[in-house]
Number of protein chains: 2
Amino acid sequence: VSVDSVEQPLILLFTGEENVDKLVQEAKKKKLDDKIIKQTSYGDLAKSIDVPQEEKYFVFSIPHGPTGDKVIEGLLPHLKKGDILIDASNEHWERTERRQAKLEPEGIHYIGMGVSGGYQSARHGPSCSPGGTPEALKKVMPFLEQFADKDKKDRPCVVPVGPGGSGHYVKMVHNGIEQAMMSIIAEVWAIMHKGLGMPYIEIADVFTAWNKDGPLNTNFLVAIGADILRTKHENGHYVLDEIRDKVVQDVDNTEGTGMWTCEEAAHLHISAPTIATAHAFRCASAGASAREKVVEAFKQNIQPPKFELDDSKEKTIQMLQDATYSSFLMSYIQGLHIIRCASDTYKWDLDCKSLMQLWRGGCIIQSDYIVALLESVFEKNNFTDDMLLTSPNIASEMTRTFPGLKRVVLKSMEYDHFVPALSASLEWYKYNCSTDLPTQFMEAELDYFGHHNYDLKTEALGTAKKGQHHYEWKPALGIREKPGAY
Amino acid sequence: VSVDSVEQPLILLFTGEENVDKLVQEAKKKKLDDKIIKQTSYGDLAKSIDVPQEEKYFVFSIPHGPTGDKVIEGLLPHLKKGDILIDASNEHWERTERRQAKLEPEGIHYIGMGVSGGYQSARHGPSCSPGGTPEALKKVMPFLEQFADKDKKDRPCVVPVGPGGSGHYVKMVHNGIEQAMMSIIAEVWAIMHKGLGMPYIEIADVFTAWNKDGPLNTNFLVAIGADILRTKHENGHYVLDEIRDKVVQDVDNTEGTGMWTCEEAAHLHISAPTIATAHAFRCASAGASAREKVVEAFKQNIQPPKFELDDSKEKTIQMLQDATYSSFLMSYIQGLHIIRCASDTYKWDLDCKSLMQLWRGGCIIQSDYIVALLESVFEKNNFTDDMLLTSPNIASEMTRTFPGLKRVVLKSMEYDHFVPALSASLEWYKYNCSTDLPTQFMEAELDYFGHHNYDLKTEALGTAKKGQHHYEWKPALGIREKPGAY
């Protein structure tokens, strides 16, 4: 945090480190020392803000895991009924719920609050997704509404998400969507630069144009992509050019949210391959040293060559935009399928429409067109049973952009460009939009060796439950006689 | 279980149901009633097999979850020190370890044993992967060696896997690999039949030929695929034709292993997109009713048309075999990366080479050529640090089959065929085999908004840890001024 960002009274909690002293010094110089108070014990800290008959509010943002438990342990003896702890870390929602279960009986409220925006958001406000008891949420909302970023209509990007760990959960899925979108924009950048031979400045102009109008307008990751492509060192070299292709924060455990989103998708049986594939891509990218050894063993370093996507430049850019947009949209939809299923499974009863406000500003996945589209869909139907893909509004956007996505993926694959998230999106689109999948053969194999039973094509469809039919494919098998044609 | 399968003395444990009475009756008729004993209480059961100074062995195979805890609770009062429980269910490895931690202090051994082979394996023996204390494993191995299937050299397909829940873990990953392989063979079947217009009998002949010689020899899923394609009802209709494209056992929670494999891959930061994508495909397939609604909204039901893969039939079949084989191999490798990482993380110290014996017979992923290849790799190096892809033996197989895989994926995608697992494998191959990935751009975006730091391209590579460099992309941002070009 920088002293410049202290715009309104903030209570900052410290337990004594060098950089804290530095901050206090800086605050003194700027006559802000009434706003920055250093405390070195939980007792002194609590005492310094305690007023009889009034609740104390605490906010902390620390690494996920046991650190939070230590903070609670330290504070607990100095708390009184009604005090509120706001955990603004990227904490796992289940840990949040365990802490709530421990503190609520003591009359202490514990709010698990997702905060999106990165370190830059300290300057303009983040997007906040708090979850906890309605009573506690009601109390902290006025404070959070000041703190949060504002959307274009000056509405704060914060809503009371729901009970329990739902606030941290929604932020977790936000980060899963973010990982997918970052893979998509990175894949598209590489196609443009390394495939189509577009100079950085030209790509930056395209990103800026996309960000101004149309389905990618006010999209944060596109916007900063343009910034990055224009950023040079003093010596005239692009900063981007010096950066290695190595994303490690999933592998070194400093970030849990992407991994947790993948775990939750699997756990809840939600098909979210764009998100899962992007995560797998990042994990492989972290092993830069291992990849060097693979390249040696394979006697091959895949460095995709230049190619042309289409004759007209305008159409090429249009197809790239369609591919980016439709894959972004699918990342959002897959994430929302996870949230909706979690809301049912964990009995949170979330209002999907209101959640859209979280993603209008401040956050990394900010994408005004997509959010408006989804909001219009939730306005008609909260989609408690169905996939979002069954909405005609979404269907028309998807079918319109499908040819561009398909062409970009095909051409990129032809020239060995890397399109894990784009191709996973394409496949997800296709198989959701068919009643004639190859899984028919899979079902037969499962019934063959596992007596799994199947449904007949001629039967009416109900909910997803086990089929009623079995065929005894190898009825005459005797002892030690094996199935199969060998 | 069928009475015909009782080949050697087996102790079968029941707690009294109709089908048990039926089985006992049948056994009586076949003069096998000394081998089938019905018991209706845990006490009677334990007493009936109790011999002073000798340990009792129990085997059970039940649905995963709380049922196992009930069985243990029921048996525990009737057990003595040294008794061994073998849990042959598809239990989650962590639940297995919790039970071991509870029982071992009482002197009771608990072995978590994966069993693969499906119901058909009751007749020729399954593949067994037991995990537990060395002492207990040593005692049960002679029994398991009789029970298990035998490989071509008549060696039993069972090895003492390792401590704790490692036996159930290895079976869990087996099932993850199985899901990936089933997706691959199903995708290839659909390309052959619906794309290339090959009649079932012709595909069956191709599968049989593949299963006889070459890299897909003695491959169970290919073998039963041929059987399925030859199986007709009495009226001459193919059984396969009546089966709906709906695989539900991941969604209805009757199978946990595939989902757990995806969770573990994410948790351990292993890039396993073939496995994860196949799982996502199955989950989407289960929602057959939702897919019908999507088709309606999209006004489009994707039913891929016929196409030609290449001029010569022989070359076409060769490319399909290359695609199938290389994707199978990648499924195995991804699964083994998970196992190897788990072995390190959970301190199991597994011997990967010995595990190969589990997959030589009995199990669903049986694939003699692939297993022999992997065994030869493990003979040289147990790969505790590196990816299997760094082995020259594997590299030469992969580079040889890459053009076929690529061509099959490209052509299939061009005609909107479904290739989620094949295309995920292709992408995984490519990005592991490059030191010039689009994740360079992702890393720049993360540093922009999150101060994530990066490594320079010019720096020597070490282990996967956070980079040392940060660029202040938007240093002049004031309060409420937003990043980006809008």
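Buried means under 20% relative accessible area, exposed over 50%, and partly exposed in between, with a 1.4 Å probe and protein chains only. This is a predicted model: local features need pLDDT of at least 70, side-chain atom pairs count only at pLDDT 80 or more, and totals for chains, interfaces and linings use all residues. Residues are numbered from 1 along each chain as its sequence is written.

Start with B:Tyr346 and B:Trp348. Both are buried. Their ring centres lie 5.1 Å apart with planes at 55°, so the pair is tilted. Rings of Phe, Tyr and Trp (its six-membered ring) pair if their centres lie within 6.5 Å; planes under 30 degrees apart are stacked, over 60 edge-to-face, the rest tilted.

Next, select A:Tyr471 and A:Trp473. This pair is edge-to-face, at 5.2 Å centre to centre and 70° between the planes. A:Tyr471 is partly exposed at 21%, whereas A:Trp473 is buried at 6%.

Now pick A:Trp189, A:Tyr200, A:Phe207, A:Trp210, A:Tyr238 and B:Phe441. Ring pairs link them into a cluster.

Move to the interface. Chain B brings 162 residues to the contact and chain A 163 (heavy atoms within 4.5 Å). B:His269, B:Phe441 and B:Phe449 supply 5% of the area that chain B buries against chain A, more than any other three residues (accessible area, 1.4 Å probe, that two parts lose on being put together, summed over both).

Finish on A:Asp416 and B:Lys406. Their side chains form a salt bridge at 3.0 Å, N to O (a side-chain nitrogen of Lys or Arg within 4 Å of a carboxyl oxygen of Asp or Glu). Between chain B and chain A the count is 8 salt bridges.

How values were computed
Chains lettered and ligands numbered in written order. Heavy atoms only, no water.
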